[in-house]
Amino acid sequence: VTLLMETILDGLNAAQHDAVTSPANVLQVLAPPGSGKTKTLTSRVAYLLRHDRYRPWNVICLTFTIKSSREMKERISKLIGNGIESKLILGTFHSVCRRYLVTYGHLIGIHKGFGIADSTDTTSIIKRVIRRLGLTIDPKKAQSRISSLKSRGLTHTELGQQEATRKDVEQQEFAVVFGAYENQLAQSNLLDYDDLLLRSVDLLRQHPSCVSNVEVVLIDEFQDTNLVQFDLMRLFAAKHKRITTVGDPDQSIYGWRSAEIENLKRMQKQYPDTVVIHLEDNYRSSAAILLAAQEVIEQDESRPSKSLLPTHCPGTVPVLRRLPSADVEAQWIVSEILRVACLTGNLLTYSDFAILLRSASLSRQVEAAMGKAGIPYRMVGGQRFFDRVEIKILLDYLRVLSQPHNNDALSRILNIPARGVGTTTAKGLLEEAEMRRVSLWIHIRDAIQGHASIRTKISKAVEHGLGSFTNIILTARKICIDDVHPQSPVDLLRYIIKKLDFKAYLHKYYDNDHESRWANVEELIAQAAEYPVSGNDVLREKKDDDRLPKIEGLEQEIGNAAEEALAKFLANVALATEFQREDDELQNGRPLSQVTISTIHAAKGLEWPVVFVPSAYDGCIPHSRAEDTDEERRLLYVAMTRAQALLYMSCPTKNSHREETMLSSFLSTKKVGEFLTNKGPTVDLDTVKDISRILRRGSPSMVEVVEASKKLQNREDSLWPLNGKEDNGSLQARWSKWDLDAGDEQVSKRRRLEDG
Ligand code: ATP
Ligand code: MG
């Protein structure tokens, strides 16, 4: 035990040690990026389990992204092992809430086997509702307003009562849309992301005994919680009132999704015995990076001043470059990656590099340049795997199998592959189903049976098409529900693929790239295979980490094993599409070393030795549509503080619409400029030493570095654009003509403006 305790507490600094071992019931850790908040939270979980003998199934641990919950599980496992970590109630807010609703949802009238509406479903439901009601309200606006109300805990009935007294037509219309949207979800037995949280609040308010076992609640990235999440925290901790949160107000970047930075103060008010601990030392980044990041965040004068205290050497000064175009910018990034990777020998691999973007749509040039250079990369938060057409089709089939009343999924696949049910017919059927207040599935069944009240005329051919569709679903469902030989999701998927002759379908419709699409299908099959079904209930009980602790008489009858496995697979897909599942691609069973391209939002809490932040121009960051400039600044701050050793920021002189750009106003002040350079960086032996010191990885020997740089001298492309060799027409030539000091020019222009 002593030995174990040593591993848990080993290497923590005094403040971290205090936080990990604090006897306080309610603890709030407030600290800047890279100060070890997540490390502290993880160690505290291990400490509570080991030292205070909490049982893991009574500990709730909440994170924001799937990646961070997985990382936390790994770290805890390293600290205490024994598979105990898999018994914790650990996950994102949404996934933990889903578990509670699956187990206890029936207590508040949620039907068994509910599906999750992802943002595509939500959009299409809202659009349809608006069209059907003949309203003119903008669907995008309605959607974000619905979500923002729901994340503040307001339901449509409450809103309806308020709106009824108002005269404003638009507000009245909105209230109607909101109500119709909610009805539609209920009819399809779907919950949207906000519902997962909101309905869990309902559940725990009405049946607090569902969480009577919970002894302690821990939350990472607390600054980004919204009001509903705050309520959840309160309700989870209702019995023992033991809570630990860690967060940083300077990194609050989800205001646009109704995060309430006030939750930090609200927590102290709600629990007057809250003990607040500050961590100060930064273990992540070089001092040079911290100085620059600090200057950026300090521009917000309303913020209480605090500093980032480095524990590392000064290191290499962050680079800010102005480049002639987004294409050149992308090529510059690629050449820097190659150069740094080569020059640092075996110190860095591709997975040590990240390119962080203000929005996923900026990735095109970078992706193209990476592809050309043959550098493996993975996209986080961009066109996502589950959004690809071929994947969506198959998933929609599985969703209909799991939940035939899901009108949206059903109407999308009704005519895929073509069965003679044209768009107009499909639309007519759906509209009439909605008018009859039955699901499309039931409506189609009635139509085939020639139900008297059906007005939509269907021809023999359509009837045949509908029949063959329902047949596939019914047969597959029969297989699924077969209790003797329950089929796992992957069997169902294979069955559907075979029935649809999906490979031939792809071949027929996607002549150019059917092979890569089929490869995606195979990838989906591999993922589905991770959700086996076990026919033996006792075994299942033991194996399934996802089960909440038993509370006598409250939990729901477990459904058919096959249905349950399918629902779990689909739920994980739905939650992953929202919060960016990003699995490392494997090569020979080992993670492939890939450069990460990610949105800044999805990079929260993570770190890389080398970070690029391109497109740093006004309009992009701060974004032209952003309402809160301070939040945009914090976003840049989050991006910069992801870097450990080398930080590159850059700005093309023209954006993708060929409009002139201005360097981001966050970077163009004189003060920030003092901590940035537009020269280099030269990756010399000193830089390599910096990097290895910061990363605490063994540094390559002097000989290795010298050898590497010799090799590079023969490869002028990888030294570009620093060699500046004239070569008419080539990029290098264009580059060398382009003034290296253009960045300075921009800065001085701004300075002149500032100085009046
Ligand atoms: P963010 O605000 O970005 O989420 P954080 O405060 O959660 O950052 P961590 O991710 O926990 O910070 O830690 C940052 C890095 O510093 C990690 O690599 C971690 O292992 C390291 N670290 C934290 N504390 C220590 C320590 N006492 N000694 C050495 N390294 C540490
Ligand atoms: Mg963290």
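How many strands form the open sheet, and in what order? Six do, in the order β3-β2-β6-β7-β1-β8, with parallel pairing. Two strands count as paired if DSSP finds at least two bridges between them. Strands (E, at least two residues) and helices (H or I, at least four residues) are DSSP runs, numbered from the N terminus.

This is a predicted model: local features need pLDDT of at least 70, side-chain atom pairs count only at pLDDT 80 or more, and totals for chains, interfaces and linings use all residues. Residues are numbered from 1 along each chain as its sequence is written, while chains are lettered from A and ligands numbered from 1 in the order in which they are written.

Inside the order, β2 (residues 59-63) pairs with β6 (residues 216-219) over four bridges, in the parallel sense. Valine 59 has valine 216 of β6 as its bridge partner.

Two helices lie across β2 and β3. Helix α4 (residues 66-80) runs at about 150° to β3. Helix α5 (residues 93-104) runs at about 125° to β3. Angles run from 0 to 180 degrees between N-to-C directions, and axes are lines fitted to C-alpha atoms, for helices over the stretch in contact. Contact between two residues means C-beta atoms, placed from the backbone, within 7 Å.

Proline 33 counts as buried because it has 23 C-beta neighbours inside 10 Å. Glycine 36 counts as buried because it has 24. The buried class requires 20 or more other C-beta atoms within 10 Å of the residue's own, again placed from the backbone; 12 or fewer is exposed, and in between is partly exposed. Leaving aside residues up to four places away in sequence, proline 33 touches Asp248, Gln251, Arg284 and Thr641. On that basis glycine 36 touches Gln16, Leu279 and Tyr283.

Ligand 1 comes next. Its shell holds 18 residues, and the closest are Gly36, Lys37, Thr38, Lys39 and Tyr283. A residue is near a molecule if its C-beta atom, placed from the backbone, lies within 6 Å of it. Helix α3 (residues 37-50) supplies the largest share of the shell, three residues. The UniProt record, an unreviewed entry, puts a "binding site" at Ala31, Pro32, Pro33, Gly34, Ser35, Gly36, Lys37 and Thr38.

Notes: UniProt positions renumbered as here; feature names shortened; annotations may be inferred.
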